[in-house]
Amino acid sequence: MVEWEKVKVGDIGKVITGKTPKTSNSEYYGGNIPFLTPSDDMSVKYVRKTNKYITEIGRLSIKNATLPANAICVSCIGSDLGKVVITTQKTVTNQQINSIVVDTNKFDIDFVYYSMLELGKILNFHSKTSTAVPIVNKSSFSQYEIDCPKLNTQKKIGAILSSIDNKIEENNQINKNLAA
């Protein structure tokens with residue numbers, strides 16, 4: 001029998017809230033470092049391009065906000081609340097996104113991604129019942145819990161769900177080519 005336990009998001013890895021480099025400084029923008037915001041396409045599993053890019057100087061202007069590849073980013077404000085993507089390279093997000101740099105000694109990135117998708121649905125539901133602009137700050141985001149099995153089971157679940165997503169993506173590409 002596989003045992004599952006409740007785990008706080010803050011215990012999955014390091015939680016980082018994004019920051020925006022000063023927009024008044026043109027030296028900070030137009031580089032090659034992705035700057036992820038909720039207005040980017042967060043309907044995909046992996047973020048491969050963003051609408052804005054920042055320079056190395058822009059990245060250095062905001063301390064402790066750089067994400068490595070394979071960080072899990074969750075939109076935590078407004079109508080986009082609960083959208084989830086995984087970074088594919090060094091990335092910076094704005095303050096509307098909380099990200100998890102997963103402790104891969106204890107957690108599987110794919111499993112955590114799919115768990116965050118489910119948590120995102122809950123966050124989004126709460127946003128629809130709020131009269132104010134919904135926002136989930138870093139401390140409350142870190143306190144949410146997910147159900148989690150041992151690492152080897154996480155890896156099996158993550159691999160199965162990823163293979164299904166890969167097949168869907170492959171079929172979508174085939175369909176795009178047929179429409180052309």
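Is C148 buried or exposed? Notes below.

1. C148 comes out as buried, at 3% relative accessibility. For the cut-offs, buried is under 20% relative accessible area and exposed over 50%, with partly exposed in between (1.4 Å probe, protein chains only).

2. A word on the model: it's predicted, so local features need pLDDT of at least 70 and side-chain atom pairs count only at pLDDT 80 or more, while totals for chains, interfaces and linings use all residues. Numbering runs from 1 along each chain as its sequence is written, and side-chain values use heavy atoms, with hydrogens and water left out.

3. Don't look for disulfides (cysteine sulfur pairs within 2.5 Å): the structure holds zero. For C73, the nearest cysteine sulfur belongs to C76, 10 Å away, and C73 is buried with a relative accessible area of 0%. The sulfur of C148 also has C76 as its closest partner, but at 19 Å that is too far for a bond.

4. The largest pocket has a volume of about 430 Å³. Here a pocket is an open set of points on a 1 Å grid over the protein atoms alone where a 1.4 Å probe fits, with protein on both sides within 12 Å along at least five of seven lines; lining residues have an atom within 4 Å of a point. The volume is the space filled by probe spheres set on the points, which are joined across faces, edges and corners.

5. There are 18 lining residues, and S43, V44, K45, Y46 and E169 sit closest to the centre of the largest pocket. Helix 4 gives the most to this lining, with five residues.

How values were computed: Helix = DSSP H or I, 4+ residues; strand = E, 2+ residues; numbered from the N terminus.
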